[in-house]
Amino acid sequence: MDDTPDFEFSAEQLVEKAREFFRKGRLGEAEACLRKAIELEPERSAWRLNLGVTLQAAGRGEEALQCFEMACQCAPKHAEPRLAAAMAAAALGRWPVALKWSEQATQFDPSLDAAWGCRVESLRRLGRREDAMLAFYLAQQTLETMPATLQAVAEVLVEDTKVDRAMWCLREAIRLEPNLPRARTRLAQLLGDGGHAHRAIELLTEELRLRPGDVSTLLAFGDVLLRQRRNPEAAEKFRRAIEIDPANAAARFRLGVLAVNTRRFDEACTELEMAMRLDPSNPLPRVELARARLENGEMAEAARLLQAHAQQCPPETNPRLDNVEFAANLSTLMLAAQCPDLAARVLTAAMRFDRVKKSAMPWQKLALAHYRNNDLERGNEASEQLLKLDPENIFALHNLALACLSQGDISKAMSWIRAGLSAKPNDPSFRRLRWRARILRHRWLARLIPATSKPA
């Protein structure tokens, strides 16, 4: 009976009881005590702060943020509740709110490294990288040590492709604060991306010793192992992450992709469908599920999933198409699922990005998509654009020759065939095209040969 809330206590006693309940993990009773204490003395900012922390521990982030904001109102000149509100908003992905409170926190107490770090991170998330760097320089003028701010600015530098400087910032942050959460994990990810898998694994192993149940570290560890083709060990890390957090969509997605790559399609479909249910806003599990269905011979279902993907994530507004490899792979999947119209739409939308427009592979795929849509004019335009990037591209030369042959323009077809044989003299496909073109010059022989072959 001594551990149950007794609302006849004074406000101070209720707060002390709440602390005891919190230490014992009895969050509901801690919340009840704090709420009663706040009713008795509503002006006490610290108690609202404690209630917010309790609600955060219970996984009630929105309510926690409201408590922290109320604490800010009760203490209009104090930095601590503003820092708490900023961190809570950041955890919810509400970056404008996080920026507002972190700016106020740094104004009231410029010595708060965590507040500067949150301010830099919020600006980056809002796409204001120049302002994020300015905040970093302001922090340098007031902070003697700034591990959290260095960790935050590292992400700005990564986005600016200044990876070496980003890694220096992370190393310095770890030196200043050896227990800084996830700094080693992020440094390991950058090292793994740069081909330094051995050092990445050392850092991830060290981080897991400090935080054995950290799901983000387990996922990063699995990703590094995948790059080394250590698939069973990678799968073990992903499964461990699911044991800790059964609702983790990212771990399910990775297991699904791994199952697709190892041709275990039933398992892949199970994991990817689960990932879709857990995180409906992420379009990638649906794409990989379409791949699994296609590999399993379910072409109609694969096509349906790809159409659904295009509805959920219209190509015209999809920022992922800025990645050349992603755009090419997605269009290849659509072509394999006999959706050339969708592939053409995706690649046409991707051409709004300079890096895609300047790459040969997307133009090759776009030409093929148009040809399969029986749109010779656009197919030829894409092939000619491909030749501007790669004047000896045999796929473009082959397809242009085929298009001319199908239209009966034998002379122009021969010019493309000669260009192809000049680029690749022993290529049997161009020799066959030359033979076909010579026969087509004689109409009485043309009916004796089969239809023109498919574009490459």
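I started with helix 9 (residues 147-159) and helix 10 (residues 163-176), which pack at about 165° with axes 8 Å apart. Helices here are DSSP runs (H or I, at least four residues), numbered from the N terminus. Axes are lines fitted to C-alpha atoms over the stretch in contact, with angles from 0 to 180 degrees between N-to-C directions. So helix 9 is roughly antiparallel to helix 10 (over 145 degrees counts as that). This is a predicted model, where local features need pLDDT of at least 70, side-chain atom pairs count only at pLDDT 80 or more, and totals for chains, interfaces and linings use all residues. Residues are numbered from 1 along each chain as its sequence is written, and side-chain values use heavy atoms, leaving out hydrogens and water.

Next I listed who touches whom (contact is heavy atoms within 4.5 Å). Helix 9 brings residues including Leu150, Ala154 and Leu157, and helix 10 brings Trp168 and Leu176, among them.

I then checked helix 5 (residues 80-91) against helix 6 (residues 95-108): about 155°, axes 8 Å apart. That makes helix 5 roughly antiparallel to helix 6. Among the residues that meet are Arg82 and Leu83 of helix 5, and Trp95 and Phe108 of helix 6.

Last, I looked up the cores (buried Ala, Val, Leu, Ile, Met, Phe, Trp, Tyr and Cys joined through side-chain atoms within 4.5 Å; buried is under 20% relative accessible area with a 1.4 Å probe, protein chains only). In the largest, with 65 residues, Leu306, Leu321, Leu330 and Met334 touch the most other members. Helix 24 (residues 394-406) gives the largest share, eight residues. A second, separate core of 50 residues includes Leu150 and Phe238.

Conventions
Helices (H or I, at least four residues) and strands (E, at least two) are DSSP runs, numbered from the N terminus. Angles under 35 degrees count as roughly parallel, over 145 as roughly antiparallel, 65 to 115 as roughly perpendicular and the rest as oblique.
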